[in-house]
Amino acid sequence: MAKIDTRLPKGMRDFLPSDMLKRDYVFGVVRDVFETFGFEPIDTPVLEMRDTLLGKSGEDADKLIYYAQHPGGKEELALRYDLTVPLSRFVAMHENDLLMPFRRYHIAPVWRGDRPQKGRYREFYQCDADIVGIPDMSADAEIISVVATALKRLGFADFTVKVNNRKILTAIGIFSGVPDAQLGSLYRSIDKLDKIGLNGVVKDLRDNGLPEDVVNRMVGLLDLRGENVPSLDMLAHLREQLDGIGLGQEGITELEQMVEFMDALAVPSDSVEIDVAMVRGLSYYTGPVFETVITKPDNLGSVTGGGRYDELIGLFRKQSLPTTGTSLGIERIIDLLDLLDLYPPELTGTVVQVLVTVFGADTQRDSMRLTSELRAAGIHAEAIMQLQKSLGKQVQYADRKGARVVAFLGPDEIASGVVKFKRLSDGQEVTAARDRATLAVRDLLAE
RNA sequence: GUGACUGUGGUGCAGUGGUUAGCACGUCUGACUGUGGAUCAGAAGGUCGAGGGUUCAAAUCCCUCCAGUCACCCCA
């Protein structure tokens, strides 16, 4: 008989138990850091009304949104593309129940109909933290701080949070004399600076039909972005260049304030870089924008992204609320943790701590009783359920599974009222009285 | 949406026109009926991505489709 094809939707994945344990570990660390910073958890439906999502993140994003429909349903639905737009809807909808400022975190899957490739999936989790209701740069500095703290707690040593401000980008456009219609392609060219270099950007700009004097003015500005120029000096320089352009002055002041606040929050200055060539594609950003790259293996793209979007909530409510936040991309973080092997040693690939063997039908109930006692003491325990399995196979099963301790409860032990435990890592065995069994296991697990 | 590369047991690969398609790892069984990682012996497991064409003969050459990977765009 023909078997049903097992394939999954493109870009979507199953997770084995060992994968899930890693994921849960990462989620746990991130959640813990978020809560340390005073962010509260929320959740929203995976489906939203189509109109809620469309037209918020840009044309490119709209094309990636999945539509979801019940055959008999009249509502036009879509799978959420990110957690930011749902938050905006959520705030406008529940403002009566929210205290401002509202700091929330949200860890949940989102869907994008993108072509999958390394570090990119069609279904993936985002971990977002946002502060609603604060226009001040102290909020943006908090966001950078929470990002840096989470990455550090996960074990990353070499990462850079890049910071820029959309107002500066706009000012660069004004300064150089780029017509509004071409601002988009201007940003796109600038964004490629790291990849294709200054000459590449110049070529790109010319190819896009920008006049030579415009290109030259632009190059003068981008040249400021030298690696060795201290950030604040560079901003002062930029301030002179953009003299008379109000938006640019504003953006620079905001960055300067952020730097001060980050300093007060003890964000290590060597993990933050002001990069006036960092753009970010989502259209709702209005001020500071952030993005993190892991600098050591440096091939997986950004692991966090965010920024300030002061107008977005205004689409769902008479008056907008100033909001800033970030998203951590758990999938890329996990790929990197795998690569760098940064997991704590206690992640063994199984939740089972003790595997209880079974000698035969006549001792099975004793094994079950012991298992139950271990569980009551909070020890993760599993009993063998196949009576015909040889003892060797049972121990092998425990070993392959990754259980740390095996319990033996055969006729001899039962007769003398004891139980024998063996720690698989070093083969050490201890025999303990039945009423001291859980203590003995705890000792073996502790080392 | 654009481009490049790749599809052979569960996984990784070999096989580039010629008998029943091989190897490694993994799986299962046994040596080992009260103790794992090692060793040895044996077994199971494949419509060679799908369809069509060329040929006496196709995993191998050609065409189409499908799928996967990577890159661009964009993004986490």
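1. On the terms first: two strands are said to pair if DSSP finds at least two bridges between them, and helices (H or I, at least four residues) and strands (E, at least two) are DSSP runs, numbered from the N terminus. With that in hand, an open sheet of 3 strands can be traced in the order β2-β4-β3, with antiparallel pairing. Because β2 (47-49) and β3 (67-68) stand at the edges with a single partner strand each, one side of each is left without a neighbour in the sheet. Between β3 and strand β4 (residues 77-79) the antiparallel pairing runs over 2 bridges, and Ala68 is found opposite Leu77 in β4.

2. On the basis of the values: this is a predicted model, in which local features need pLDDT of at least 70 and side-chain atom pairs count only at pLDDT 80 or more, whereas totals for chains, interfaces and linings use all residues. Residues are numbered from 1 along each chain as its sequence is written, chains are lettered from A and ligands numbered from 1 in the order in which they are written, and side-chain values use heavy atoms, with hydrogens and water left out.

3. On the overall division: chain A is split into domain 1 (17-340) and domain 2 (354-446), with bounds that come from an automatic or database domain assignment. The centres of the two domains, taken over C-alpha atoms, are separated by 51 Å.

4. Contact here means heavy atoms within 4.5 Å, while axes are lines fitted to C-alpha atoms, for helices over the stretch in contact, and angles run from 0 to 180 degrees between N-to-C directions.

5. On α5 and α11: the axes of helix α5 (residues 137-153) and helix α11 (residues 246-264) come within 8 Å and cross at roughly 55°. That angle makes α5 oblique to α11 (angles under 35 degrees count as roughly parallel, over 145 as roughly antiparallel, 65 to 115 as roughly perpendicular and the rest as oblique). The contact is made by Met137, Ser138, Asp140, Ala141 and Ile144 of α5 and by Glu254, Gln257, Met258, Phe261 and Met262 of α11.

6. On α6 and α9: here the axes of helix α6 (residues 166-176) and helix α9 (residues 212-222) come within 8 Å and cross at roughly 140°, and the two helices are therefore oblique to each other. Ile172, Phe175 and Ser176 of α6 meet Val214, Arg217, Met218 and Leu221 of α9 in this contact.
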